[in-house]
Amino acid sequence: MANLGTSTLLIALLLNVYCISMAFFGAKKDLRSAVLSARNANYLVTFSLLIAVCVLVAAFLQHDFSIIYVAEHSNLAMPRIYTWVAFYAGNEGSLLFVAFALSLMSSISLSMIPRRVGVLSPYTNGVISVIILFFIVVLISLANPFSAQDLIPVDGKGINPLLTHPGMFIHPPMIMTGLISISVPFSLAMAGLISGQINDDWVDIGRVWGLVAWVLLAIGLLLGSWWAYTILGWGGYWAWDPVENAAFMPWLGLTAFIHSIMVQKRRGMFRMWNIALINISFALGAFGIFINRGGPVPSVHSFGASTLGWVFLLFLAVSTIISFGLFFYRMSLLKGSTSLESALSRETAFLVNNLFLLAIAFFTLWGVVFPIISEITTGETITVGEPYYNQVNGPLMLGLICLMGIGPLLPWRKSNLSQVNRILIVPLVSTTIVVIAISLLFQITKPIVIIGIAVSTLAAISVFQEWIRGTKARQSSTGRNYLLAFCDLILANRPRYGGYIVHIAIIMLAFGILGSSFYNSEKDVFLAIGESTEIEDYSIEFTGIRTEIFPDRTERIADLKITKGDNELGSIGAWQGIYPSFSMLSTRAAIRSTPIEDLYVIFSETQPDGKTAAFRILVNPLVWWMWLSGPFVILGTIVALWPARKRTII
Amino acid sequence: MSKKLIALSIVLMLTLPVATTAYAIAETELPSDLKLRSVELHKNIMCPKCSGQTLHQSNSPIASSMREVIREELLKGKSNDQIINLMVNAYGKEVLASPPMKGFFALIWILPPIALILGLGAITFVVRRLRHSRPEAELERLVQPQKMKLKIRKSLSMIDQELGENFDIK
């Protein structure tokens with residue numbers, strides 16, 4: 001098994017080296033056969049890595065503890081379904097997963113690149129294969145998941161209990177695939193810089209792959225938050241942990257990119273800027289991988305940690321130097337072809353959007369590296385945590401939502417003040433009315449929350465206004481009913497209306513964050529069986545503990561009967577598991593979720609008599625909306641990505 | 001199996017002291033104004049031994065004993081600053097969830113607003129320049145013979161490629 005795995009990696013290495021040399025040779029000499037051969041070699045690399053992945057999965061399923069990685073990350077008692085999680089629970093396996101995901105993405109993108117981009121295609125293949133090469137070399141030389149041991153243990157160590165959660169089936173692969181997928185638009189941009197063929201040819205496919213990486217990261221981040229919310233037991237979902245930040249920063253860079261690339265698509269502007277943005281996103285992604293693999297900062301995400309930090313730091317440094325070196329070398333070719341006629345235009349709004357997004361990314365980066373700077377210069381260790389990030393990034397996020405309300409209403413190219421007044425008057429007036437109504441109704445006094453509601457309402461109203469206006473126009477011109485006219489409208493300009501759906505999702509997210517950060521209440525209590533406690537309008541009665549013993553863990557479930565006013569709302573069970581082999585207590589919150597608020601109960605300890613238990617009880621308003629935003633992000637992205645109907649060419 | 005039992009009893013022993021302290025907290029609830037202040041303090045003070053979690057988040061024994069200290073100090077009538085100083089003296093500056101706005105550490109707070117102002121300045125500059133580049137000049141640049149040659153060469157190479165592809169199929 002071990003030999004089979006290692007030899008597939010070696011075959012992948014050989015094929016990959018062949019692929020790189022053929023791609024660059026074919027591109028340079030304009031040899032179609034070499035270019036095709038390189039592309040086929042890329043497909044074969046993906047196939048070999050797929051086999052390596054299958055071998056490792058098979059080793060897990062057969063409990064082949066002669067492979068060190070399998071012995072370290074699984075055991076006989078583990079439910080078979082968690083094999084998939086164990087596969088990337090450690091450094092070596094997750095690196096194999098990253099290499100495979102990158103290779104798969106590169107093959108799909110290469111097969112999609114239209115022929116008209118000419119020489120861009122082989123250069124893209126060459127660049128992305130160099131990145132794949134890096135991962136394969138690291139796998140073979142420093143982190144081989146197939147390393148064997150002579151002394152075969154009877155049972156393996158098993159998997160960290162925190163990872164046995166449904167979210168873990170999707171969260172890590174999404175984040176890893178998302179981070180590494182930035183390589184596709186990055187390689188396209190690099191191909192343009194290397195070949196000197198710099199025009200708008202790469203824009204369409206670059207945008208598609210930018211969006212793919214973006215949506216993967218978005219879903220990965222949301223699922224990670226959901227995981228933290230249900231399992232870490234403090235009712236929060238985001239802690240500005242270095243590794244969370246490491247995935248969040250490239251996502252911000254990509255968000256800037258997928259907005260700004262639209263300006264190039266529509267107006268042929270920002271050519272230089274878009275390449276710079278994708279370079280920045282890639283560098284932030286590489287930084288993320290470095291932080292995750294034994295970076296210099298402590299984190300709750302130390303699952304994949306290793307001593308390989310320096311390798312990834314090297315990767316980060318070399319890729320950044322090369323990409324920005326090429327960028328400055330080709331700068332003269334990158335001038336845009338059109339100009340702006342007025343400072344008040346959608347183009348300017350896009351620039352401000354980019355500034356805010358990058359500012360959040362860099363302030364976050366600043367927070368991550370500042371402890372290291374402080375350690376070096378003053379010798380004092382300090383912490384940079386939530387208070388810093390909330391104060392620095394919070395206002396910028398509100399600013400971004402405000403831009404979401406104004407930007408889409410501004411016309412391209414130019415406008416003047418009276419025009420802008422005319423456009424904004426309806427949204428601004430209706431926003432004011434809504435904000436006053438909401439504040440009075442719910443007795444909201446905190447200024448920051450009122451601002452938050454105001455910008456979110458403005459953003460929502462501007463999207464609805466666009467939808468209603470467009471639907472009416474279509475309805476009157478085609479005579480179809482409103483629903484069909486609405487679908488027509490969305491299908492007619494997919495990037496735009498897909499984007500609006502995502503904007504609605506972001507507003508839901510903002511809603512959930514505002515509600516849960518400013519209006520949650522919490523309580524730590526000890527309850528004996530039969531006792532009850534009250535929080536807000538809820539009354540919670542502790543009715544008993546069920547205990548179940550499994551080979552690897554003892555599960556205890558505290559049953560709680562919930563009543564609100566006179567209504568009995570049924571029972572919820574707060575879960576905890578004791579894992580002796582990890583000497584670890586893992587909890588899972590009992591959550592009763594409604595669109596208005598979540599009742600959230602963590603069962604943390606039991607008294608020795610077995611009849612009294614400690615609970616942390618929280619009421620978190622509006623969190624439900626945060627998780628609802630996920631499906632809307634996916635829907636909006638699919639609409640935005642859906643290829644336009646082919647125009648007939650005469 | 002016996003190994004597991006030993007481990008299990010270790011876990012239980014570890015949780016016992018926590019349980020008793022938590023019990024004490026539950027017994028005497030803080031009045032609501034002190035409760036708000038204690039939550040704010042919990043959010044600004046790190047648990048020293050739980051990689052990146054604040055007192056508000058962590059369930060570890062050390063975090064609950066620190067919460068207990070904060071509760072007692074609040075009941076004694078100490079101010080937030082006094083309690084924070086107490087914690088810094090005991091655990092060092094890294095116990096603060098974010099650095100103070102003093103001396104070298106002020107740098108972390110000052111840089112972001114400066115950077116933002118510079119960024120806005122840069123945008124104003126770029127927008128101005130984009131506005132002043134006149135469309136006529138752009139047009140001239142577009143019809144430059146050099147440019148045309150490049151375009152024609154590109155089209156030709158594309159035609160070549162299409163032909164080459166056709167040959168391949170045969």
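**View 1. A five-strand open sheet in chain A.** In this predicted model, five strands of chain A line up as β2-β3-β4-β5-β6 in an open sheet, and their pairing is antiparallel. Strands here are DSSP runs (E, at least two residues) numbered from the N terminus, and helices are runs of H or I with at least four residues. Two strands count as a pair if DSSP finds at least two bridges between them. Strands of a sheet pair through backbone hydrogen bonds, either parallel or antiparallel. Who sits at the edges? β2 (532–535) and β6 (584–588) of chain A do; each has a single partner strand, so one side of each is left without a neighbour in the sheet. From one strand to the next, the twist averages 30° (axes are lines fitted to C-alpha atoms, for helices over the stretch in contact, and angles between N-to-C directions run from 0 to 180 degrees).

**View 2. Zooming in on β3 and β4 of chain A.** Strand β3 (residues 538–549) and strand β4 (residues 554–564) of chain A run antiparallel and are joined by 11 bridges. Look for Ile549(A): its bridge partner in β4(A) is Thr554(A).

**View 3. A four-strand open sheet in chain A.** Here the order is β1-β9-β8-β7 (chain A), with antiparallel pairing. β1 (521–528) and β7 (590–593) of chain A stand at the edges with a single partner strand each, so one side of each lacks a neighbour in the sheet. The twist averages 15° from one strand to the next. β7(A) and strand β8 (residues 597–606) of chain A run antiparallel, with four bridges joining them.

**View 4. Where domain 2 of chain A meets domain 3 of chain A.** The C-alpha centres of these two domains lie 27 Å apart; domain bounds come from an automatic or database domain assignment. The contact takes 11 residues from domain 2 of chain A and 17 residues from domain 3 of chain A, where contact means C-beta atoms, placed from the backbone, within 7 Å. On the domain 2 side, helix α14 (residues 386–406) of chain A gives the most, with six residues.

**Reading the labels.** Residues are numbered from 1 along each chain as its sequence is written, and chains are lettered from A and ligands numbered from 1 in the order in which they are written. As this is a predicted model, local features need pLDDT of at least 70 and side-chain atom pairs count only at pLDDT 80 or more, while totals for chains, interfaces and linings use all residues.

How values were computed:
Two residues are in contact if their C-beta atoms, placed from the backbone, lie within 7 Å.
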